[in-house]
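Dear colleague,

I am passing on the structure we spoke about, and you will find the sequence and the model just below. My notes on what was found in it follow after that.

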Amino acid sequence: MSKLIFEWDPRKSRANIRKHKISFEEANAVFLDENAAIANDPDHSENEDHFIIIGFSSLARLLLVCFCERENGNTIRIISARKLTKKEIKQFNQRWRK
């Protein structure tokens with residue numbers, strides 16, 4: 001398996017930190033979480049397929065990361081990252097942690 005490459009817009013990363021208090025560097029670790037859940041995000045895709053992944057970050061925070069794949073899945077472009085709401089955590093536990 002080839003190594004994943006992560007990329008993002010630095011301005012968008014700074015804006016994400018201001019808005020959600022989550023750096024894209026921290027969000028990278030979600031992709032290493034063996035129990036992470038990935039789903040298609042068709043509502044937010046216009047020109048490319050977007051996905052969401054929910055998993056634990058390098059700081060052990062449960063995050064929702066929106067991303068798209070490039071270069072046949074070898075490059076991950078992070079679009080946004082945030083902590084889950086209490087309602088989303090409950091839904092996540094009911095759906096994925098059975």
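Which residues do ring pairs link into a cluster? They are Phe6, Phe31, Phe51 and Phe67. Please bear in mind, as you read on, that this is a predicted model.

The structure holds four aromatic pairs, and one of them is formed by phenylalanine 6 and phenylalanine 31, whose rings are tilted at 55° between the planes and lie 5.3 Å apart, centre to centre. Because phenylalanine 6 belongs to strand β1 (residues 5–7) and phenylalanine 31 to the loop between α2 (24–28) and β2 (37–40), this pair ties together parts that are 25 residues apart in sequence. Phenylalanine 6 counts as partly exposed, at 25% relative accessibility, whereas phenylalanine 31, at 17%, counts as buried.

Tryptophan 8 and phenylalanine 24 also form an aromatic pair, which is edge-to-face, with 80° between the planes and 5.9 Å centre to centre. Here tryptophan 8 is in the loop between β1 and α1 while phenylalanine 24 is in helix α2, so the pair ties together parts that are 16 residues apart in sequence. Tryptophan 8 is partly exposed, at 24% relative accessibility, but phenylalanine 24 is buried, with a relative accessible area of 0%.

Serine 13 has its place in helix α1 (residues 10–20), and its relative accessible area of 6% falls under the 20% cut-off, so serine 13 counts as buried.

Key: Residues are numbered from 1 along each chain as its sequence is written. This is a predicted model: local features need pLDDT of at least 70, side-chain atom pairs count only at pLDDT 80 or more; totals for chains, interfaces and linings use all residues. Side-chain values use heavy atoms; hydrogens and water are left out. Helices (H or I, at least four residues) and strands (E, at least two) are DSSP runs, numbered from the N terminus. Buried means under 20% relative accessible area, exposed over 50%, partly exposed in between (1.4 Å probe, protein chains only). Rings of Phe, Tyr and Trp (its six-membered ring) pair if their centres lie within 6.5 Å; planes under 30 degrees apart count as stacked, over 60 as edge-to-face and the rest as tilted.
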